[in-house]
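The following paragraphs lead the reader through selected parts of one protein model. Please keep the sequence and the structure in view while reading.

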Amino acid sequence: MASNEDVLDDEKRPQFGNRYLTDPKNVFEHNAWDNVVWDSSQEEEARRKTQQQLAEALPQDTTEMYEEKADHFWDEFYNIHTNRFFKDRHWLFVEFPELDSTNEKTESKTAGNMDARDDGKTDCSDVAQGVENISLTPTKHQADTDKEEVYPGENADFRVFEVGCGVGNTVFPVLQTNNDPKLMVYCCDFSSTAIQIVKEHTDYDPRRCTAFVCDISDTSAVLPMPDNSLDLIIMIFVLSAINPQKMQFVIDRLSRLLKPGGQILFRDYGRYDMAQLRFKKGRCLSENFYVRGDGTRVYFFTQEELRDMFSKCGLVEKQNLIDRRLQVNRGKQLKMYRVWIQCKYQKPAQAACTTQESTEEMGDESRQDRAQCPVDNESGTSS
């Protein structure tokens with residue numbers, strides 16, 4: 001699941017924090033300014049606007065309808081836009097160099113990659129503590145990579161999972177940038193239409209990519225990979241589309257999938273973003289949670305909310321930045337204040353000894369059960 005029209009504003013740009021507006025008279029000299037500081041009156045006006053939206057919130061039965069039909073609305077969205085709506089997110093390699101195996105910043109390995117075994121587990125005796133960077137460098141012995149897999153990607157050197165992949169505008173740049181045949185990219189979405197588009201892409205190769213329909217917030221949904229098996233999880237404008245009451249469950253579930261040393265790479269909408277403030281009457285579902293005209297939903301976060309959710313499941317904060325941008329339309333002399341939040345949270349290396357024990361208890365019988373589960377769980381809905 002991707003976000004919709006608002007993401008387009010965020011597609012083409014250098015890493016944030018490079019251009020500052022020091023003189024308001026020069027505001028229309030460039031298309032965008034970084035780290036724009038809001039004054040107290042602007043903040044208060046935004047707060048007043050959201051309080052008014054909440055006072056006019058939709059009734060409970062309408063809110064429940066949008067929850068129950070979330071997959072339907074996303075299917076409709078992708079039926080209309082197919083794969084023409086979004087541009088590939090090549091900017092991700094600027095903000096998240098961990099995704100690029102050729103980047104110098106990704107040369108050191110995670111603790112979870114120091115001695116990765118065939119089943120995605122890590123040898124506790126070899127785990128070091130406190131690792132900052134991720135590498136897509138192969139870490140497994142060649143002799144181990146040809147055995148029969150009991151789950152897709154078991155023999156991979158490096159495993160990445162994108163939650164809410166939409167039509168693949170993150171997945172395919174990652175696959176194209178990293179040519180290692182032992183890379184496995186998992187990707188799921190609420191929408192069966194979106195997943196079908198991914199599978200029809202000319203670059204889709206089941207040997208390196210496993211796409212499946214799944215509502216990650218559904219407690220009964222079955223995932224194709226075991227706990228303690230992933231090096232990176234990507235969440236780009238996806239958590240905001242999930243019911244706020246289910247967000248903690250989602251983060252908890254994803255944290256269990258990470259290897260020790262693995263990271264969640266996150267970017268989403270921040271509180272008082274222009275997209276939030278322009279919602280009209282009859283679009284607020286609950287506090288800071290809205291429904292768009294096409295039926296898809298969006299939440300607007302604070303840094304503290306995200307810090308609380310990720311830390312509750314034991315992840316360590318490596319980055320939690322608020323990206324305030326002033327985008328301008330020089331032709332129309334318009335100012336647009338955007339707010340995004342970008343995070344990196346890492347599973348501690350010391351978690352290896354506890355997570356490996358639980359993973360090993362899964363045993364051969366459980367692993368065989370997982371292997372027999374269909375990768376395309378069409379009964380899973382999307383959020």
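**Strand pairing, helix contacts and confidence**

Strand E8, comprising residues 289–291, pairs with E9 in the antiparallel sense, and the pairing extends over 3 bridges. Within this arrangement, tyrosine 290 stands opposite valine 298 of E9. The model under discussion is a predicted one.

The pairing belongs to an open sheet of 3 strands, whose order is E7-E8-E9 and whose pairing is antiparallel. Its edges are formed by strand E7 (284–286) and strand E9 (297–299), each of which pairs on one side only. From one strand to the next, the twist averages 30°. In general, the strands of a sheet pair through backbone hydrogen bonds, in either a parallel or an antiparallel manner.

Attention may now turn to helix H9, which spans residues 303–312 and includes glutamine 303. The side chain of glutamine 303 reaches the backbone oxygen of asparagine 320 at a distance of 2.9 Å. When neighbours within four places in sequence are set aside, the contacts of glutamine 303 are Asn320, Leu321, Ile322 and Ile341.

Two further contacts involve helix H3. On the H2 side the contact is made by Met65, Tyr66, Glu67 and Glu68, and on the H3 side by Ala70, Asp71 and Phe73. By class, this contact of H2 with H3 has 4 nonpolar and 3 charged residues, with no polar ones.

Helix H3 (residues 70–81) also meets helix H6 (residues 192–199), the axes coming within 7 Å and crossing at roughly 40°.

The protein averages a pLDDT of 77, and 66% of the residues score at least 70. Over residues 25–30 the pLDDT is below 50, and this stretch has 17 contacts in the model beyond near neighbours in sequence. Residues 352–383 likewise have a pLDDT below 50, and that stretch has 67 contacts in the model beyond near neighbours in sequence.

Terms used: Residues are numbered from 1 along each chain as its sequence is written. This is a predicted model: local features need pLDDT of at least 70, side-chain atom pairs count only at pLDDT 80 or more; totals for chains, interfaces and linings use all residues. Side-chain values use heavy atoms; hydrogens and water are left out. Helices (H or I, at least four residues) and strands (E, at least two) are DSSP runs, numbered from the N terminus. A polar contact is a pair of N or O atoms within 3.5 Å; within protein, one must be able to donate a hydrogen and the other to accept it, and residues adjacent in sequence count only if both atoms are side-chain atoms. Contact means heavy atoms within 4.5 Å. pLDDT is the predictor's confidence in each residue, from 0 to 100. Axes are lines fitted to C-alpha atoms, for helices over the stretch in contact, and angles run from 0 to 180 degrees between N-to-C directions. Two strands pair if DSSP finds at least two bridges between them. Ala, Val, Leu, Ile, Met, Phe, Trp, Tyr, Cys and Pro count as nonpolar, Asp, Glu, Lys and Arg as charged, and the others, Gly among them, as polar.
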